Amino acid sequence: MAFIDNYNLEHVVNEAERLVHEELGLQLESYEGTICLCNDCVADMAAMALNTVKPLYRYTLLGTLWASSARSDAAYDASVREAVSGAIEKIRLNPSHD
Ligand SMILES: [Zn+2]
């Protein structure tokens with residue numbers, strides 16, 4: 001039996017994913033009609049933004065509601081906004097399809 005089989009790590013989550021997804025939704029609203037919003041492009045944007053921001057792993061059994069109300073980090077939030085806008089711009093100029 002592997003070491004990892006003795007533990008349940010599903011509640012170790014990267015909060016950056018939720019923050020990036022929320023920010024991506026917000027910022028893409030203003031691009032509607034001017035940018036490709038197919039699944040491939042939006043997934044590329046999310047992946048690119050998530051590779052830019054610092055990971056924000058947490059272990060919580062109380063879920064993301066608790067995490068979102070408990071966290072407050074203006075510098076981190078600014079880094080998320082910057083990563084998302086940079087990713088949108090890069091994929092807009094270089095989509096992975098024609
Ligand atoms: Zn596309």
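# Close-up views of a predicted model

**View 1. Helix 2 from end to end.** Helix 2 covers residues 39–52, which makes 14 residues. From its first C-alpha to its last, helix 2 reaches 20 Å. That is close to the 20 Å expected at 1.5 Å a residue. Like every view here, this one shows a predicted model.

View 2. Which residues of helix 2 are buried? They are Cys41, Met45, Ala46 and Ala49. Seen down the axis of helix 2, these buried residues fall within an arc of 135°, so they line one face of the helix. On the other side of helix 2, Asn39 and Asn51 are exposed. The buried residues of helix 2 pack against two partners: helix 1 (15–29) and helix 4 (74–93).

View 3. Helix 1 is built from 15 residues. Its reach from first C-alpha to last is 22 Å, close to the 21 Å expected at 1.5 Å a residue. Several residues of helix 1 are buried, including Leu19, Val20, Leu24 and Leu28. Glu15, Arg18, Glu23 and Gln27 are also among the buried residues of helix 1.

**View 4. The largest nonpolar core.** This core holds 19 residues. Those with the most contacts inside the core are Leu24, Met45, Val53, Tyr76, Val80, Val84 and Ile88. Helix 1, helix 2 and helix 4 are the elements that give two or more residues to the core. Which helix gives the most? Helix 4 does, with seven residues.

**View 5. Valine 80 and its contacts.** Set aside the neighbours within four places in sequence, and valine 80 is in contact with Leu19, Val20, Glu23 and Val53. Val53 is, with Val80, one of the residues with the most contacts inside the largest nonpolar core.

**View 6. The zinc site.** Which protein atoms are donors of the zinc ion? They are Cys36 (SG), Cys38 (SG), Cys41 (SG) and His97 (NE2). These donors lie 2.0 to 2.3 Å from the zinc ion. The four donor atoms subtend angles of 94 to 116° around the zinc ion, which makes the arrangement tetrahedral. Along the chain, the donors follow the spacing C-x1-C-x2-C-x55-H.

View 7. Cysteine 41 is buried, with a relative accessible area of 1%. Cysteine 41 lies in helix 2. Not counting residues up to four places away in sequence, cysteine 41 touches Cys36, Ile91, Pro95 and His97. Cysteine 41 and histidine 97 are 56 residues apart along the chain, yet their C-alpha atoms are separated by 8.5 Å.

**View 8. The chain as a whole.** How many helices and strands does the chain have? It has four helices and two strands. Read along the sequence, they follow the pattern β-α-α-β-α-α. Buried residues make up 28% of the 98 residues in the chain. Among the contacts with a separation of 6 or more, 80% join residues 24 or more positions apart.

Notes: Residues numbered from 1 in each chain as written. Predicted model: local features only at pLDDT ≥ 70, side-chain atom pairs only at ≥ 80, totals over all residues. Heavy atoms only, no water. Expected span 1.5 Å × (residues − 1). Buried < 20%, exposed > 50% of the residue type's maximum accessible area, 1.4 Å probe, protein only. Arc of directions from axis to C-beta. Contact = heavy atoms within 4.5 Å. Core = buried A, V, L, I, M, F, W, Y, C linked by side-chain atoms within 4.5 Å. Donors = N, O, S within 2.8 Å, 3.2 Å for Na, K, Ca; no water. Tetrahedral: all angles 85-135°; square planar, octahedral: opposite > 155°, others 65-115°.
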